[in-house]
Amino acid sequence: WTFYKNLHVYFQWCVKKNLIQKNPLDLINKPKMPTQLPKSLNEKEAQILLRIVSNMKTTYYFTRLRNKALISLFLFTGLRKSEVINLRMVDVDVINGFIRVENGKGGKRREVPIEERILKPILNEYITDRERLNKTSEWLFNGTFVGRGENDNKLGISTVDRLFRKLSKELGKNVSAHKMRHTFATLLLDKKIGRASCRERV
């Protein structure tokens, strides 16, 4: 792209100086701008992020547990934002250690393993508190807005985005669901898991 841009400027100068009649690059399709992938967090930053969300002040204790489970799920599964928000209770099998994603990209169905050491205890803690509060919504992640019926109290995208903005401010680095996905893939590859296996999980 940079080479094309410099060459275009040069040919335009040649046209102005009457050295050539037309810019030859006008007959060529412009190359696409390179897409900049979001930089992933390193392992230390991921640990700090989990510490921040675990200690973040919230009005309700349940909200803190939900936020911790939400961010941990992003970090340890590589799921997309829409996939996480649309998870139902029946999709999460903590005992057998997997999450069923029914409608992934392209309508694909896949199963994602639950990381044992960190994610599994966090999910157990959240689900236990959910049961303590007698939450009957089919959705795994619930909002706290009392205006909705309990059975339809699905966590909203705006709530997730607002949480990421708060975490970005605390961490001093921009974080998003998309960056969590890249972080998961990068850490997975760092652990010498093959690229093909990584693609299957994400």
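Reader: Which residues make the nonpolar surface patch of about 360 Å²?
Author: Tyr10, Trp13 and Leu19. Patches take residues with over 30% relative accessible area and no salt bridge, joining nonpolar side chains (Val, Leu, Ile, Met, Phe, Trp, Tyr) within 5 Å and like charges within 9 Å. Areas are Shrake-Rupley values with a 1.4 Å probe, and for residues only the protein chains shown count as cover. A salt bridge puts a side-chain nitrogen of Lys or Arg within 4 Å of a carboxyl oxygen of Asp or Glu.

Reader: What are the ground rules?
Author: This is a predicted model, where local features need pLDDT (the predictor's confidence in each residue, 0 to 100) of at least 70 and side-chain atom pairs 80 or more, while totals for chains, interfaces and linings use all residues. Residues are numbered from 1 along each chain as its sequence is written, and side-chain values use heavy atoms, without hydrogens or water.

Reader: Where does Leu19 lie?
Author: In the loop between helix 1 (2-16) and helix 2 (43-55); helices are DSSP runs of H or I, at least four residues, numbered from the N terminus.

Reader: Buried or exposed?
Author: Leu19 is exposed, at 56% relative accessible area. Exposed means over 50%, buried under 20%, partly exposed in between.

Reader: Now the largest nonpolar core. Which residues touch the most other members?
Author: Ile71, Leu73, Phe74, Phe141 and Leu167, out of 42 residues. A core joins buried Ala, Val, Leu, Ile, Met, Phe, Trp, Tyr and Cys through side-chain atoms within 4.5 Å. Helix 3 gives the largest share of this core, nine residues.

Reader: Which element has the lowest mean pLDDT?
Author: Helix 8 (residues 195-201), at 39. Over residues 192-202 the pLDDT is below 50.

Definitions and conventions
Helices (H or I, at least four residues) and strands (E, at least two) are DSSP runs, numbered from the N terminus. Contact means heavy atoms within 4.5 Å. Buried means under 20% relative accessible area, exposed over 50%, partly exposed in between (1.4 Å probe, protein chains only).
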